[in-house]
Structure formats: C-alpha cells, structure tokens
Amino acid sequence: MSIQDKVVLITGAGQGIGRGIALRLAADGANIAIVDLNEAKMTAVADEVAALGRKATTFVADVTSRDEVYAAVDHAESALGGFDVMVNNAGIAQVNPISEVTPEEVAKLWAVNVDGVLWGIQAAAAKFQQRGHGGKIINASSIAGHDGFAMLGPYCATKFAVRGLTQAAAKEYASAGITVNAYCPGVVGTDMWVTIDERFAALTGAAIGETYDKFVGGIALGRAQTPEDVAAFVSYLAGPDSDYMTGQAGLIDGGLVYR
C-alpha cells in the first residue's frame, strides 16, 4: 500500500541511510522534507527527489536544539502542505574503551542520538495533534540498541535509550492515533562505518578494513547492509501496512543479532 502525497520529514537526510530513506519514500509517492546540517548535500538529495517526480524542501537544523527541530517541522508543513511522518534518523557514532570516554564525548552522543530523537518525537506529535490527525514517528536505533558491543559502550547506551523512548512514546500517543516505532540497522556500508573501522584500527592495531570485515563475516545473509535495505523497512513503517504496529524496534541487519 502507498504513502502517495504524504509529507515526510527525515533528519540526517543529506547522506547515508537518511538519503536512502528519502529516495525510497519519494519513490513510494511521498513528498520529502530533508533536514541536515550540510546544505550542499541536502540540495543534492532534494534534486534526486525531484527527479523522481516528488516535491522536496530542505531545512538546516541541529537536532540537538529543540527549537530548531520544532522549526523544521513547521517548515515542512508550510512548504509541503501537510505533515504525516517523522523519521528521526540523525545520529553519530563514537568508538572508545569505556575507561577512556570523556564527559564531552558522552554529552555530544547523548545530545544527538537521544535528545534529537526526543525533540523529534515531541515536535511531530504536537504537529499531528495540532492538525487533528494521527501520524507515524520512526526512530533510528541500532543492533547496538539490542546488544552491547565492546568499544561502543556509550553509543550502545544511546541506542538502548532510543528503544525506551520509542516504547514510552508509543504508549503515550496511541490514543491520538500516533504510532511510534524504531528501526535497528546492523553493519551498513556508509561513511559512519568507515569512521568506526578506522577508529577500531587506531585503538586495537587491526588493519584498516579488518574490523568491518569481521562484523560483515558474522552476517547470516553474507553481505554488508545497504542504505536501501534499511529504507525498505522504513517504507513499511511509514506506510499503512504497519498501522497496527507500535512501540517496536525492529532489527533489520541481515541476521547478526537475534531477538
């Protein structure tokens, strides 16, 4: 079933998984509000959306700022004539032994990965209620929100926190017709994983690419994940086939973590 003419806002949509989600949902018929910090990358994605025959708008916002997230939602509604789906995709990774993590690193991780999702949930739910209809909120968690991984402790904590927010919000907003779910990718071949691999190499002495290959080697389906793999699941969460699903954090990782 389709999301034809629905308005979808995606944070962190200038590259990687966010870009993949934007293009998939545009192909499904949605109009896309692209939110990121990099204006040039957003413009490129907007052009790709337009090439698919859908409307696109861009908005520069830092998801750690509650006011900027609310402003992004207002802009999406104004520019595209509605508001139906919020994808809280923006996130960052951090690799360090627990013994060496600094307060500054934790604060930044938490501000982007958790506060950014919280402000997105708030802003989207308020807009749906203001408009007098339900909607869908979709949050980025991770396999690291189901399993703790060495050298990724605080990052894992943020992704576990997203699962908690997802469950609590699902219960709070169900009576308003708002569903809240999360997607949990695994090893995706994006710039984030390049950075993770390089950091593991620096910390452990592993060769560049060795950590990435080790993780990919544990995937049952035998290959690394693509942004399109993730976007296909987000398409389901954004569409009417998932209307009876809420509070869930679905693993989409090719068979790496099992729950």
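**Strands, helices and a few single residues**

Biologist: How many of the six residues of S2 are buried?
Modeller: Buried stands for under 20% relative accessible area, exposed for over 50% and partly exposed for the range in between, with a 1.4 Å probe and protein chains only. Asn31, Ala33 and Val35 point to one side of S2, Ile32, Ile34 and Asp36 to the other, and all are buried. S2 is thus mostly covered, and the number of its residues that are buried is six of six.

Biologist: Good start! What kind of model is this?
Modeller: Residues are numbered from 1 along each chain as its sequence is written, and side-chain values use heavy atoms, with hydrogens and water left out. Local features need pLDDT of at least 70 and side-chain atom pairs count only at pLDDT 80 or more, whereas totals for chains, interfaces and linings use all residues, for this is a predicted model.

Biologist: Which strands are the edge strands of the sheet?
Modeller: Seven strands make up an open sheet with parallel pairing, in the order S3-S2-S1-S4-S5-S6-S7. An edge strand pairs on one side only, where pairing takes at least two DSSP bridges between two strands. The edge strands are S3 (56-60) and S7 (249-252).

Biologist: And by how many degrees are neighbouring strands of this sheet turned against each other on average?
Modeller: Axes here are lines fitted to C-alpha atoms, for helices over the stretch in contact, and angles run from 0 to 180 degrees between N-to-C directions. With direction ignored, neighbouring strands of this sheet are turned on average by 20 degrees.

Biologist: Which residue in S2 is the bridge partner of valine 8?
Modeller: S1 and S2 run parallel and are joined by five bridges. S2 (residues 31-36) also has five bridges to S3, again parallel, and there valine 35 stands opposite phenylalanine 59. In S2, valine 8 is partnered by isoleucine 32.

Biologist: What lies across the sheet: at about what angle does helix H8 run to S6?
Modeller: Helix H3 (residues 66-80) lies across S1 (7-11), S2, S3 and S4 (85-88), at about 160 degrees to S3. Helix H8 (residues 227-238) lies across S4, S5 (135-140), S6 (178-185) and S7, and its angle to S6 is about 165 degrees.

Biologist: Are H1 and H2 roughly parallel or roughly antiparallel to each other?
Modeller: The axes of H1 (residues 16-27) and H2 (residues 39-51) come within 9 Å and cross at roughly 20 degrees. Angles under 35 degrees count as roughly parallel, over 145 as roughly antiparallel, 65 to 115 as roughly perpendicular and the rest as oblique. H1 and H2 are therefore roughly parallel.

Biologist: At roughly what angle do the axes of H3 and H4 cross?
Modeller: Val69, Tyr70 and Val73 in H3 are among the residues that meet H4, whose partners include Trp119 and Ala123. The axes of H3 and H4 come within 9 Å, and their crossing angle is roughly 40 degrees.

Biologist: How far apart are the C-alpha atoms of glutamine 15 and methionine 42?
Modeller: Glutamine 15 lies in the loop between S1 and H1 and is partly exposed at 37% relative accessible area. Leaving out residues up to four places away in sequence, glutamine 15 touches Asp36, Lys41 and Asp191. Methionine 42 is 27 residues from glutamine 15 along the chain, and their C-alpha atoms are separated by 8.0 Å.

Biologist: Last one: what is the phi of methionine 151?
Modeller: Most residues other than glycine have a negative phi. Methionine 151, in the loop between S5 and helix H5 (153-173), is partly exposed at 26% relative accessibility. Methionine 151 is not a glycine, yet its phi is positive, at about 75 degrees.

Note on methods
Helix = DSSP H or I, 4+ residues; strand = E, 2+ residues; numbered from the N terminus. Contact = heavy atoms within 4.5 Å.
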